[in-house]
Amino acid sequence: MEYGSLADLELTSKHDGKIKVRLARKWRESNRHSGTMNGVHLILIDEYHKRMHGWIKSSLLQNFDNQFVDGENYEICNFAVAPYTEKYKCFESDTQIVLTNVTVVTPLEEKNSFIPDNIFHFTNLKHFVDATEEDSNLLDIVGIVDDVKPMKYVTNTTDGDQYFMEFVVTDLIHQVKVFLWNELASSFQHAFNQAADEPVIIVISCCRMIRNNYNGVMTIKNMAATTFDMNVNCDRVHTLRTRFWEVHAIW
């Protein structure tokens, strides 16, 4: 069976064709003040190495949320293609898939698939110096983990008790400071302590850059969409590791 490419989808209230995609990840969105569930975000990837944001509104969560498992493949048909206009989009794209009450989602039990586990569009660390926070989508970055600080705990009147990990990522020429908050901070601390390979190279996907108003320094923080992988099987990771060995003459 032939499936359409995510790259060919056009705006429509009902797309009758079928797509085959892998769910890279999903996360829930809630109203910050009321706690009411707004819906679930999806990152979908196809065999043509294209990715697209997907959305399940709250009224349809009972129909679809439990069907989607990270890393699994699906056939999806009868969905809408709508404008993708969030303030901090996961990546540069004008459209998104929106599941509706006539959408059909079928799990595919394929052992072998040409769909990659994930897709990254890395921003070079050297570009952070001149980057503009206002024009930025969320970013993918890769770098060697360095200067990891102990977990810190803070309290504020808006969000209550919180905690974060602070560290630096570097490509051996440029570097940027990273702050991971709360659950992602705990996950980072555990993964970093368990990492077997040296150096530890991290891929952070869908992170946000923030410029300090006082000193102009750009830093990275996590958003609800943010995930990370350490020492993942990725060309950029292999290239950076080779460069590290060359600089430090470790053979």
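Which residues form a nonpolar patch on the surface? L172, I173 and V247 do, with about 290 Å² of accessible area together. Patch members have over 30% relative accessible area and no salt bridge; like charges are joined within 9 Å, nonpolar side chains (Val, Leu, Ile, Met, Phe, Trp, Tyr) within 5 Å. Areas come from the Shrake-Rupley method with a 1.4 Å probe, and for residues only the protein chains shown count as cover.

1. Basis. This is a predicted model, in which local features need pLDDT of at least 70 and side-chain atom pairs count only at pLDDT 80 or more, while totals for chains, interfaces and linings use all residues. Residues are numbered from 1 along each chain as its sequence is written, and side-chain values use heavy atoms, without hydrogens and water.

2. Helix α3. Helices (H or I, at least four residues) and strands (E, at least two) are DSSP runs, numbered from the N terminus. The 14 residues of α3 (residues 235-248) should span 20 Å at 1.5 Å a residue, and the end C-alpha atoms are 20 Å apart, which agrees. The expected span is 1.5 Å times one less than the number of residues. After α3 comes A249, with a positive phi near 55°.

3. V237, L240, R241 and F244 are buried. They cover an arc of only 100° around the axis, so they sit on the same side of α3. The arc is taken from the directions from the helix axis to the C-beta atoms. D235 and E246, on the other side, are exposed. Buried means under 20% relative accessible area, exposed over 50%, and partly exposed in between (1.4 Å probe, protein chains only). The cover over the buried residues includes β7 (139-146), β9 (160-170) and β11 (201-211). Contact here means heavy atoms within 4.5 Å.

4. Backbone points to check. L172 is not a glycine, yet its phi is positive, about 80°. L172 lies in the loop between β9 and β10 (175-181). L172 is partly exposed, at 30% relative accessible area. C206 also has a positive phi, near 60°, and is a residue other than glycine. C206 is in strand β11 and counts as buried at 1% relative accessibility. A cis peptide bond joins E198 and P199, with omega about -5°. P199 lies in the loop between α2 (182-194) and β11.

5. Salt bridges. The structure holds nine. The criterion is a side-chain nitrogen of Lys or Arg within 4 Å of a carboxyl oxygen of Asp or Glu. D117 and R22 pair at 2.7 Å, N to O. D117 is in the loop between β6 and β7 and R22 in strand β1 (residues 12-30), 95 residues apart. D117 is exposed at 60%, whereas R22 is buried at 10%.

6. A linked set. K26 and D65 form a salt bridge at 3.0 Å, N to O. K26 lies in β1 and D65 in the loop between α1 (61-64) and β4 (73-83), so the pair ties together parts 39 residues apart in sequence. K26, R28 and D65 are linked in a network of salt bridges.

7. V105. This residue is in strand β6 (residues 104-108) and is buried, with 11% relative accessible area. The C-alpha atoms of V105 and R241 are separated by 40 Å.
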